[in-house]
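Here are my notes on the model you sent over. Have the structure open while you read, and go through the points in order.

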Amino acid sequence: MAEEKEVKRLKIKATAQMGKIMADYFYELDAAAKDQSKPIAWCTSVGPAELLRAMGYLVHFPENHGAMLGATRMATDMIPEANAIGYTPTICSYLTADIGAYLKGVTPLSQAYKGIDSVPKPDVLVFNTNQCRDVQDWFSWYGDEFNVPVIGIHTHRGIKDVGEEHVTSVAEQIKNLIPTLEKVSGNKFDIDELKRVLALSRECSQLWQKVLFTAGTKPSPLTFFDGTIHMGPAVVLRGTQPAIDYYTLLLAELEERIKDHVAAVEGEKYRIYWEGMPVWGRLSTHSKLFAGLSANVLASTYCNSWIFSDFDENDPFKSMARAYTKLFIVRSDEAKQEYIKRMLEFFKVDGIVYHDAMTCPNNSNCRYGMAQRMEKETGIPSLIINGDLNDLRMLSDEQTKTNVEAFVEQLEEQRG
Amino acid sequence: MNDRPVFIGTDVGASRTKLAVLDSDRRLVGYAVLKSGTDFTVTANNCLAMALKMADVTPGDIRHSVSTGYGRKNVEFSEATKTEISCHARGCYHYFPMAITIVDIGGQDNKVIKLDDQGRRLSFKMNRKCAAGTGAFLEEMALRLDIPLGEMNDLAVQSRNMERLGSFCTVFSGTEVLEKIRNGKKVPDIVKGLFYSVIRRVMEMDSLTAKVVMTGGVVAHNPYLVTMTEELIERDIQVAEYPQLTGAVGAALYAMDAKL
């Protein structure tokens, strides 16, 4: 019988090093905000961070802050503050948690890093709508609040094949950001610096991909829940050497596990693919729940979203445009399904869990019949759980638990 | 007293706790249904005492015991747990051994479970975190209409002109019911509209393919819901003799697997 039991979940030794580089990153931003020694840009997580770094900006990512609010379970108390000023409970709960926290004057950074009292004040906000429209609304609110420019890229969405017309359009939009960025920072754009940063970013991305793809091994040395934590440097430090050094270290540890046949989830019996956002406030709960059923949620579209294989320093603008437009979230359902099918095969998956996140329609891919279509085409069973990335009012732990247990019972029954 | 082995299945649901006693020949020889209340452990113990008495056996005759439902971890005498999805499937297949689609309407959640002709589960769906379409919805509406829950079935049967409700949400439905009362609509017509709303919510969860079997407390107490569903899908629906007990029977069958 599929019954949850206490199972040893292996800790990753490199985590301490990640803690150090993340602390360095936040303290550098905080110092720059305080002494105004360097310009600060806020950027969307799959936005043109490379351009910003190349122009001398330190970069803060509000989505990373939103995820921290979720993981620390502060978000649910912050969201009502934003609801009260007109941002409804059904829109992006990163947005509502982040604006709510700002309105309340609190940040999880203060708990994690002594001496940091607030998020670093921006000199400019730069968005890319490749993920959703909410990022533009979110950044516009701060633009008004801080009276600083808000500039961005409007990406074509629902694309099956990324064509030259999409790439050219986005590349031009990236170039068009430069005059404002030069004006705000006082720094002149230098193409060689962009090429250097882009090369570093690609190297980080390649290493991150190798890290995630170690989960293709049986048993997997990695879980999706590990991935959501260790993706930090790929999000906020890509384009820098510390991120590359970190993933080199992490990869070596995971390859060592593979060599020694060490499983991230002891006694791995079922291999699960996670489609959608994590429930940040339930990472540990969900990790224990699946591990207790000898199921390893080992791969996800979400963590893969920071793999930018197309970056090419010899063609910086177009390759950035291509990489940021080829993202899963930008694409049509047809393209998404083809991608997931490749992942199911590569990771040798037994079942898919779709997280239908109430406030994130763009990352909830089960709303237009995809789960049913995929099940029919691949024969791999799926489960849809209702929840949210940040707003814990939107989920029922008991229902999730029953659903997951019943799903693993089904996998067990089908295996015979 | 007879000296014969029995197997216990306990289904601690959000609303009611159901317990089934099966003998070695898989016959239901005892059962009990009580309000789950606030102490699931005590309720399960009370159910056990009642059902063992009915079966004319003693605790010493119990060979194995499996519990299911939201309170499955609170059953002291249970030796293993299994989800209600698996137990309802197992219980229904016991009574109807064929490819079936099970529609279970419980106090707090609904399930649609599909089994192949070997009883293997093909898929399952549970309702979202919402009372729409569950027993809790009917309880809330009975309060609004100021009628005992137990009278809803008879009232719905009397309806001649069903009043449909448009809303998905229990709170909005409550407002709609008040509006209908204010406009002088007849209570039987409103109640039938409420039943229709429950059925629609369930039918939105999944397609009803193969032979349909309906279970759960709401069906047990409101057989007219089954008739209405049959009319809607234009097919006969199977209902077990004790539709509220199928989860508990399934749990008892799993208990039997473990020990026979």
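**Notes on the model**

1. Let's start with a sheet in chain A: four strands, open, paired in parallel, in the order S6-S5-S7-S8. Its edges are strand S6 (295-300) and strand S8 (382-387) of chain A, each with pairing on one side only. On average, neighbouring strands here are turned by 30° against each other, direction ignored. Two terms for the record: helices (H or I, at least four residues) and strands (E, at least two) are DSSP runs, numbered from the N terminus, and two strands pair if DSSP finds at least two bridges between them.

2. Before going further, a caution: this is a predicted model, in which local features need pLDDT of at least 70 and side-chain atom pairs count only at pLDDT 80 or more, while totals for chains, interfaces and linings use all residues. Residues are numbered from 1 along each chain as its sequence is written, and chains are lettered from A and ligands numbered from 1 in the order in which they are written.

3. Back to that sheet. Strand S5 (residues 270-275) of chain A pairs with S6(A) in the parallel sense, over 5 bridges. Angles run from 0 to 180 degrees between N-to-C directions, with axes as lines fitted to C-alpha atoms, for helices over the stretch in contact. Contact between two residues means that their C-beta atoms, placed from the backbone, lie within 7 Å.

4. Chain A has another open sheet of 4 strands with parallel pairing, ordered S2-S1-S3-S4. Strand S2 (58-60) and strand S4 (150-153) of chain A sit at the edges. The twist averages 30° from one strand to the next. Inside the sheet, strand S1 (residues 40-43) and strand S3 (residues 124-128) of chain A run parallel and are joined by 3 bridges, and A:Ala41 stands opposite A:Val124 in S3(A). Helix H7 (residues 134-146) of chain A packs on this sheet, touching S1, S3 and S4 of chain A, with its direction at about 170° to that of S3(A).

5. How is chain A divided into domains? The assignment (bounds from an automatic or database domain assignment) gives domain 1 (15-190) and domain 2 (194-415). Their C-alpha centres lie 23 Å apart. The contact takes 47 residues from domain 1 and 44 residues from domain 2 of chain A. On the domain 1 side, the elements that each supply at least two residues include helix H1 (15-35) and helix H8 (164-185) of chain A. That side divides into 27 nonpolar, 14 polar and 6 charged residues. Here Ala, Val, Leu, Ile, Met, Phe, Trp, Tyr, Cys and Pro count as nonpolar, Asp, Glu, Lys and Arg as charged, and the others, Gly among them, as polar.

6. Now chain A as a whole: 18 helices and 8 strands. Its radius of gyration, 21 Å, is close to the 22 Å that the globule rule gives for 416 residues, so chain A is as compact as a globular protein of that length. (The radius is taken over C-alpha atoms; the rule is 2.2 Å times the number of residues to the power 0.38.) Buried residues make up 51% of the 416 residues; buried means 20 or more other C-beta atoms within 10 Å of a residue's own, exposed 12 or fewer, and partly exposed in between, with C-beta atoms placed from the backbone.

7. Where do the chains meet? 14 residues of chain B are in contact with 15 residues of chain A. Strand S5 (80-81), helix H2 (84-95) and strand S8 (121-126) of chain B each supply at least two residues of the chain B side. That side divides into 5 nonpolar, 3 polar and 6 charged residues.

8. Finally, some backbone points to check. Most residues other than glycine have a negative phi, and most peptide bonds are trans. A cis peptide bond joins A:Lys218 and A:Pro219, with omega about -5°; A:Pro219 is in the loop between helix H9 (191-213) and helix H10 (224-230) of chain A. Phi of B:Asp56 is positive, near 60°, and B:Asp56 is partly exposed, with 14 other C-beta atoms within 10 Å.
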